[in-house]
Amino acid sequence: MAATPTLTQRPVISANTIRPDAPEKMSTSEASARGAAIYSQSWLLAIYDWWVLGIVSTYAWACSVPKYTLPWFRRNVRKGQHLDIGVGTGYYLAQTDLSGVQVTLADLNQDALDATKDRLVGDGKVKAEDTRCILHDITRPLPSSCPKFDSMSLYYLLHCLPGPVPAKTAIFSHLKHQLTPDGVISGASILGRDVQHNLFGRFIMAFGNWKGMFDNRADNAADFDDALREHFHEVETQVRGVIFLWSASKPKV
């Protein structure tokens, strides 16, 4: 098992990285850190797009990323300030037109931040000097130095957060205050309840929950929908296979 990271193990030295207000005192739950630790393994980052977004999404979750998830992402990215939370490998951003978009990346894992920024810069999607990174536990409010965002994305993240749906969606109580009045927040998450998992999906679910990468056995669309409507005036959701796709706007502040 990879060593559990802390927010102070690797100093953030980039001039374009926003430091938490008091990083030496910031802590994160063991469950959140365990879920993020897997992305410190270079082999996983190398195969993530092929395995997770290709094989697993298509055949275990019955939700093709090119057909459903990527178009959902693209339609919910706004020109202006965009915040991507739980960056993975940066696949969705790399497949999206980012003209006029100022990208900020937020993750609990420095390796994922570095890999995503390098990919986007290498692909010519963004300029290094214009792309900010936040080494941050999203269950806590964003650093005060963050701007208001025109759009936010949380793809394949909520099922990794610890606790039941109300605990996961508590993040919206602070994220909504970082959205502009016309801003939109969107995402995709693997459901554990009230959906039909196939044999492959049941195996991945069991393994992910056992390893602490997932905590989603009780996650269901109705609870997520209710939580979103508690924080936003406009909510759109759909279920594709076992994936919950959602977007929300007009925050209730």
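Helices here are DSSP runs of H or I with at least four residues, and strands are runs of E with at least two, numbered from the N terminus. With that settled, I opened my notebook on this predicted model.

**Entry 1: the whole chain**

I began with the secondary structure and found that the protein chain comes to nine helices and eight strands. I then looked up burial: 52% of the 253 residues in the protein chain are buried. For contacts, I took the pairs between residues at least 6 apart in sequence, and 69% of these join residues at least 24 apart. The chain exposes about 11300 Å², and carbon and sulfur atoms supply 54% of that area.

**Entry 2: helix H3**

Next I went to helix H3, which covers residues 65-75. Which residues of H3 are buried? I noted Val65, Thr69, Leu70, Trp72 and Phe73. Looking down the axis of H3, I saw that these buried residues fall within an arc of 150°, so they line one face of the helix.

Ser64 caps its N-terminal end, with a side-chain oxygen 3.2 Å from the backbone nitrogen of Lys67.

**Entry 3: Asn109 in its loop**

I found Asn109 in the loop between strand S3 (101-107) and helix H5 (110-122). Is Asn109 buried or exposed? Its relative accessible area is 2%, so Asn109 is buried. A polar atom of the Asn109 side chain lies 2.8 Å from the backbone nitrogen of Asp111.

**Entry 4: helix H9 and its two sides**

Helix H9 runs over residues 221-231, and in it I listed Phe224, Asp225, Ala227, Leu228 and His231 as buried. They cover an arc of only 165° around the axis, which puts them on the same side of H9. On the face turned away from that buried side I found the exposed residues Asp226 and Glu230.

What do the buried residues of H9 pack against? I wrote down helix H6 (165-168), helix H7 (172-175), strand S7 (232-240) and strand S8. At the start of H9, I saw a side-chain oxygen of Asn220 reach to within 3.3 Å of the backbone nitrogen of Ala222.

**Entry 5: Trp246 in strand S8**

Strand S8 covers residues 243-251 and holds Trp246. Trp246 has 0% relative accessibility, so I put it down as buried. Leaving out residues up to four places away in sequence, I found that Trp246 touches residues including Trp72, Leu154, Leu158, Phe172, Ile185 and Leu228. Two of these names were already in my notes: Trp72 is among the buried residues of H3, and Leu228 is among those of H9. The list of Trp246 contacts also includes Ser186, Gly187, Ala188, Glu236 and Thr237.

Trp246 and Tyr155 are 91 residues apart in sequence, and their C-alpha atoms are 9.8 Å apart in space.

**Entry 6: helix H8**

Helix H8 spans residues 199-211 and contains Phe203. Phe203 is at 54% relative accessibility; the cut-off for exposed is over 50%, so Phe203 counts as exposed. Together with Phe207 and Trp210, Phe203 makes a nonpolar surface patch of about 410 Å².

Asn209 is also placed in H8. At 15% relative accessibility, Asn209 counts as buried, because the cut-off for buried is under 20%. Apart from its neighbours within four places in sequence, Asn209 is in contact with Phe214, Asp215, Asn216 and Arg217. With Asn216 I noted a polar contact between the two side chains, at 3.0 Å. Asn209 and Cys160 are 49 residues apart in sequence, and 9.0 Å apart in space from C-alpha to C-alpha.

**Entry 7: two positive phi angles**

Last, I looked at backbone angles. Asp194 is not a glycine, yet it has a positive phi of about 65°. I located Asp194 in the loop between strand S6 (179-190) and H8, and at 63% relative accessibility it counts as exposed.

Lys250 is not a glycine either, and its phi is positive at about 55°. Lys250 sits in strand S8, and at 36% relative accessibility I recorded it as partly exposed.

Definitions and conventions: Residues are numbered from 1 along each chain as its sequence is written. This is a predicted model: local features need pLDDT of at least 70, side-chain atom pairs count only at pLDDT 80 or more; totals for chains, interfaces and linings use all residues. Side-chain values use heavy atoms; hydrogens and water are left out. Buried means under 20% relative accessible area, exposed over 50%, partly exposed in between (1.4 Å probe, protein chains only). Contact means heavy atoms within 4.5 Å. Patches are made of residues with over 30% relative accessible area and no salt bridge: like charges are joined within 9 Å, nonpolar side chains (Val, Leu, Ile, Met, Phe, Trp, Tyr) within 5 Å. Accessible areas come from the Shrake-Rupley method with a 1.4 Å probe; for residues, only the protein chains shown count as cover. A salt bridge is a side-chain nitrogen of Lys or Arg within 4 Å of a carboxyl oxygen of Asp or Glu. A polar contact is a pair of N or O atoms within 3.5 Å; within protein, one must be able to donate a hydrogen and the other to accept it, and residues adjacent in sequence count only if both atoms are side-chain atoms. The arc is that of the directions from the helix axis to the C-beta atoms.
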